[in-house]
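I opened this notebook to record what I looked up in a two-chain model.

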Amino acid sequence: MSSPVLRRLRDLPTFEMATGDPDPRGWTVRGRDGKAFGVVHELLVDPAAQRVLYLNVQLDHGLPGVPAPPPHTEKQILLPLAAVNLDTEGNSVFVTALSHDTIASYPPFVDFMLPADFESAMQQALAT
Amino acid sequence: MAELRIQPKKPAPSPWLLVGLAVLLLAAAAYFFLRPDPTDEPAPTAMTMPAPADSLAPGSPAAQARATPPADPDSGATSAPAATSSYTRTTLLELSPKLVELTDRADLRDDAAIREQRDNFTSATARLADGDPQASLRPGLVAAASLLLAVQQKGYPNLDAETAELMRQANQLSGRDTTPAEQAQNRAYLAQVTTLLNTLSYPARDVL
């Protein structure tokens, strides 16, 4: 089974969110402790399957254990959509496998190119 | 576990289509709001009255009929029978501005019954004025009598018998103008209308 070709939704001008499905961009991302640690910045989608696979989350500044990003950059992570719950009424994304204190151990998303072992690293971080 | 789907965007309608629709809407709105009100138009006169093209040809029966003085219908009795085919129509349309002018007189124009009858008459003769060959003569002829009756009831009580006779004649009209008998009947009726209109054109105090 070949890996899906991931694209940012904003780079696909001919696509939009499916009717009835919420667009979580801009929603607050919270851990199992309910504390916010970031905001959904972008969606990574598989155009062939017409599904959103990852949420590109921009982390808040000052999180414990998270080093400050280089100047003019933001600390970002990817969250598999299968690992989150969407709160459409509160416009929030809940990640029960992470918390405000454990986010530092989650692999950062430093480039749009995904290394071969990035998927397994994310799964491992979510499993702990 | 969340699931989000994406879909191809639906093709948006062409902006030119929207522009075209907007222009059509504006044109329709302009037509409805800016068209002249029929009640504001002057009553059709003999000089401006449109008529079928063939009736305007020099020497045609219609032209001869038009040349006949409407106020003296008896003189038309000596013309050829063919010339009477549009005589009734022409005479009625020539009487139209005089009837409307009568209702605009200061002592008559504020009367609701007269105004209503004038509107009826204008409406009944509109198709004739437009030159519609299929338009019936009867509504205009009867409306003329009704209008004169309203004027008489307003200020000429001593002309009751004349208007009653006119209404009786109006009710006997067939509306056609084809046979000699129908033409004679219409001619007599129009003569009566002309006479009564002339009488009513004088102030009530001057009519004995």
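**Conventions.** I worked from a predicted model, in which local features need pLDDT of at least 70, side-chain atom pairs count only at pLDDT 80 or more, and totals for chains, interfaces and linings use all residues. Residues are numbered from 1 along each chain as its sequence is written, chains are lettered from A and ligands numbered from 1 in the order in which they are written, and side-chain values use heavy atoms, with hydrogens and water left out.

**Entry 1: chain B.** I listed the elements first, taking helices (H or I, at least four residues) and strands (E, at least two) as DSSP runs numbered from the N terminus. Chain B holds 7 helices and 1 strand. Read from the N terminus, the order is β-α-α-α-α-α-α-α. I then looked up burial, where buried means under 20% relative accessible area, exposed over 50%, and partly exposed in between (1.4 Å probe, protein chains only). Of the 208 residues in chain B, 37% are buried. For contacts I used heavy atoms within 4.5 Å. Among contacts in chain B between residues at least 6 apart in sequence, 65% link residues at least 24 apart.

**Entry 2: size of the interface.** Interface size is often stated as the accessible area lost when the parts come together. Here buried area is the accessible area (1.4 Å probe) that two parts lose on being put together, summed over both. Chain B and chain A bury about 1,600 Å² between them, with 54% of this area from carbon and sulfur atoms. Leu4(B), Arg5(B) and Ile6(B) account for 51% of the area that chain B buries against chain A, more than any other three residues.

**Entry 3: strand pairing.** I counted two strands as paired if DSSP finds at least two bridges between them. Strand S1 (residues 6-8) of chain B pairs with strand S2 (residues 15-17) of chain A in the antiparallel sense, over 3 bridges. Within this pairing, I noted Gln7(B) in S1(B) opposite Glu16(A).

**Entry 4: salt bridges.** The rule requires a side-chain nitrogen of Lys or Arg within 4 Å of a carboxyl oxygen of Asp or Glu. It finds 2 salt bridges across the interface of chain B and chain A. One of them joins Arg51(A) to Glu3(B), whose closest N and O atoms are 2.6 Å apart.

**Entry 5: Leu81(A).** This residue lies in the loop between strand S6 (76-80) and strand S7 (85-87) of chain A. Is Leu81(A) buried or exposed? I recorded a relative accessible area of 3%, so Leu81(A) is buried. Beyond its neighbours within four places in sequence, Leu81(A) contacts Val52(A), Leu53(A), Tyr54(A) and Leu55(A), as well as Ala2(B), Glu3(B) and Leu4(B).

**Entry 6: Phe94(A).** I located Phe94(A) in strand S8 (residues 92-95) of chain A. Its relative accessibility is 28%, so Phe94(A) counts as partly exposed. Phe94(A) and Gly34(A) are 60 residues apart in sequence, yet 7.7 Å apart in space, C-alpha to C-alpha. Setting aside neighbours within four places in sequence, the contacts of Phe94(A) include Arg30(A), Gly31(A) and Ala83(A).

**Entry 7: Gln169(B).** I found Gln169(B) in helix H6 (residues 160-172) of chain B. Gln169(B) is buried, at a relative accessible area of 15%. Not counting residues up to four places away in sequence, Gln169(B) touches Ala188(B), Tyr189(B) and Gln192(B).
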